[in-house]
Number of protein chains: 2
Amino acid sequence: MEARATVVGAGMTKFGPHDQPLSELFADAALPALDDAGIDRNEIDAFYLGNTLGGMTENESHLAPAVASHIGLRGIPCQRFEDACATSSSAFKHAVQAVENGIHDTVLIGGVERCTPTTGKETDEMTEIFASATHRQYEQPTGITFPGVFALLTKRHMYDHGTTREQLAEVAVKNQHHGSMNPRAHFGGDATVEDVLESPIIADPFRLMDCCPFSDGASAVVVTSADLADSYDGEGVMVTGIGHATDIVPVADKQGLTETTAARDAATEAYRQAEIDADDVDFAEVHDCFTGAEVIAIEALGLVPDGDGGVAAAEGRTALDGETPVNPSGGLKAKGHPIGATGTAQIVELTEQLRRDVGERQVEDAETAIAHNLGGDTATTFVTVMEATP
Amino acid sequence: MEARATVVGAGMTKFGPHDQPLSELFADAALPALDDAGIDRNEIDAFYLGNTLGGMTENESHLAPAVASHIGLRGIPCQRFEDACATSSSAFKHAVQAVENGIHDTVLIGGVERCTPTTGKETDEMTEIFASATHRQYEQPTGITFPGVFALLTKRHMYDHGTTREQLAEVAVKNQHHGSMNPRAHFGGDATVEDVLESPIIADPFRLMDCCPFSDGASAVVVTSADLADSYDGEGVMVTGIGHATDIVPVADKQGLTETTAARDAATEAYRQAEIDADDVDFAEVHDCFTGAEVIAIEALGLVPDGDGGVAAAEGRTALDGETPVNPSGGLKAKGHPIGATGTAQIVELTEQLRRDVGERQVEDAETAIAHNLGGDTATTFVTVMEATP
């Protein structure tokens, strides 16, 4: 498949607590991305920024021009996107469309967020703030927050398919292990199934170690047209498909809890554009905000048969040395989840993996990979296909 | 000039206090826009939403899928934009680009916001929330909010060009008069120069009546490709140019206070795309968040010579029966300013004016018009050119 656009630079901060203004934090991802591409700032034609919560956490909105000014971009179109956890994937989609259609030649895309108590907001306040992405009238008044939303979906999956608590724990153990090989991951070290099962209950069936953390962090990529890719230093990785779909909210109005139709629609569209099918996917970064979310996602993406998501983790089929490695970066679970930075962080991992540049967590012989990033009550989903340049 | 895309449907609510959830408020603009186009919901391929403050005012983020669900759109890509007061112009730009490049055939774009005390936030709280769009590190700690930012620019204009308090008041009187003919305006009735000069001081040189209000409201348009425009009921109005530029923030780092280089850059680009110059503009909707902002904007747009913005208002050159009418809708000053809805509300006014469909505030023989929408510390500016279909 031909490239629609090419990633020629990638950078990200370590995820975890950071005590810096958003502009400075973003610079620590963007400047390395520009360096990686070997590009001068004045060659950047437009800037696409994802940030989800800055207004609520730090009274900081209209971030795109402020961040651009801080890193020395001037005069170019700057725009901010917000689609909950899928925020910077939305920025990425629009940027790729602009490059593909000749609107801009070379653009900078990224995401930045601070969610840890360095903002002055404790975890309980952040959980309430973040619940702003659930349905305001039908869900927030019930007191449900995201662990509860994904617990509902996962309980249904356990009921329908016999998925077990142990299988969920295996997802956490796997991603924790992958993350232990990622120096930019929020959490280091390994965990056992027992560690997960004995951690405190958050929202049944989830224990603490089934849940991703709130992190601070930033990620950025430089995208250019396929024609220009060779003129930059950074080894190009092709973007060959992006699917974006939306499902009904609130959760109660969905046709089913575990189908996640937006993910299925987005995957179908992304595979169609890239002229691949799920069998061609060598590895995937998926949105494992909770262990159950990964189980459901890999089914929607066609990486395993429906109902098989938990079994696949328990059998090691989604481990780094398995059939189809899932979340070699450690995923949201171990790498961390700075909301608006997560989408482009997945693109950074795909880029570096497809360049064979990630050391001991390298997926062997990877040529084609996907990123799956969802927002809200499985309401927004982006699926992106990237391929190594031949 | 050929159309890049065509507006075939337009709708908006009255601006002013509304006591409804954002989804319901938006429906009151979107459903009339769909009716105006004569289009069925299932013909809409994508949804582009502008909302600026929902997270901060109502703990409501990730709005695009929720709003889409409420108005019966399902499965299609939905995305939210935030660029301060220029928020829905950003949504409009991206939507027009998508239609122009064949990514989508027919799309819905709109903005919605609630800023009045119906949200539970009083004006002083809203002023602080809205100051989130100034620079977080360099401006917010000083206590400056937007009246102060635009007062600085306007004082400099008075110093450089001899612009007077009376000339500023004439802008308010003009826009108030235009708004008195707009049944959807927040404020009705006329005002005199004395009324303005005797109203309470807000931030010198601005009195209360130099300032636009915080409003609640929503606006929406349906955009389709030029090829498909004839297949819908709504009389098509062509989009022939959109310029988008960004200036440095904070204010202290700008090269000058009254140049508003983003507006000049955006206008140059929009005129170039549309193959027009400022002399071809029959009327303009401009971002008159404060009277001084209109004075500065019409100079940046080339509608009057630099330094002549205040004189032009005093001489009636920008009145409905003047050389180049500015803000026939009443502008932000009289029509109101529901932040995220303002950009597409300008597009609604251009559409209805160019269709000769606005009654007594009709600009005679208007064929070509522009909208100018800015965000933050004159940091983001969009200029859109629209032309009546021949």
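Tutor: We begin with a definition: a residue counts as buried when its relative accessible area is under 20%, as exposed when it is over 50%, and as partly exposed in between. Please keep in mind throughout that this is a predicted model. As a practice case, Asp124(A) has a relative accessibility of 58%, and because that value is over 50%, Asp124(A) counts as exposed. Asp124(A) belongs to helix α5 of chain A, which covers residues 123-130, and together with Glu122(A), Glu125(A) and Glu128(A) it forms a patch of negative charge on the surface. A second case is Gly102(A), in the loop between α4 (87-100) and β4 (106-113) of chain A, which is exposed because its relative accessible area is 55%.

Now to the part itself, strand β2 of chain B, which runs over residues 46-50 and is mostly covered, with 5 of its 5 residues buried. In a regular strand, side chains alternate between the two faces of the sheet. In β2(B), Ala46(B), Tyr48(B) and Gly50(B) point one way, while Phe47(B) and Leu49(B) point the other way, and every one of these residues is buried. What does β2(B) pair with? One partner is strand β4 of chain B (residues 106-113), joined to β2(B) in the parallel sense over 5 bridges, and another is strand β3 of chain B (residues 78-81), also paired with β2(B) in the parallel sense, over 4 bridges.

From the strand we can turn to charged side chains elsewhere in chain B. Side chains of opposite charge can pair when their charged atoms come close. Arg114(B) and Glu58(B) meet in a salt bridge, at 3.0 Å from N to O. This pair links distant parts of the chain, for Arg114(B) sits in the loop between β4 and α5 (123-130) of chain B and Glu58(B) in helix α2 (residues 54-58), 56 residues apart. Both Arg114(B) and Glu58(B) are buried.

Another salt bridge joins Lys155(B) to Asp204(B), whose closest N and O atoms are 2.6 Å apart. Because Lys155(B) lies in helix α6 (residues 146-161) and Asp204(B) in the loop between β5 (201-203) and β6 (206-207) of chain B, the pair ties together parts that are 49 residues apart in sequence. Lys155(B), at 39% relative accessibility, counts as partly exposed, and Asp204(B) is partly exposed as well, with a relative accessible area of 46%.

The salt bridge between the side chains of Lys174(B) and Glu294(B) is 2.8 Å from N to O. Here helix α7 (residues 165-179), which holds Lys174(B), and helix α10 (residues 291-300), which holds Glu294(B), are the places of the two partners in chain B, so the pair ties together parts 120 residues apart in sequence. Lys174(B) counts as buried because its relative accessibility is 8%, and Glu294(B), at 1%, counts as buried too.

Definitions and conventions. Residues are numbered from 1 along each chain as its sequence is written. Chains are lettered from A and ligands numbered from 1 in the order in which they are written. This is a predicted model: local features need pLDDT of at least 70, side-chain atom pairs count only at pLDDT 80 or more; totals for chains, interfaces and linings use all residues. Side-chain values use heavy atoms; hydrogens and water are left out. Patches are made of residues with over 30% relative accessible area and no salt bridge: like charges are joined within 9 Å, nonpolar side chains (Val, Leu, Ile, Met, Phe, Trp, Tyr) within 5 Å. Accessible areas come from the Shrake-Rupley method with a 1.4 Å probe; for residues, only the protein chains shown count as cover. A salt bridge is a side-chain nitrogen of Lys or Arg within 4 Å of a carboxyl oxygen of Asp or Glu. Lys and Arg count as positive and Asp and Glu as negative; His and the chain ends are not counted. The place of a charge is taken as NZ of Lys, CZ of Arg, CG of Asp or CD of Glu. Helices (H or I, at least four residues) and strands (E, at least two) are DSSP runs, numbered from the N terminus. Buried means under 20% relative accessible area, exposed over 50%, partly exposed in between (1.4 Å probe, protein chains only). Two strands pair if DSSP finds at least two bridges between them.
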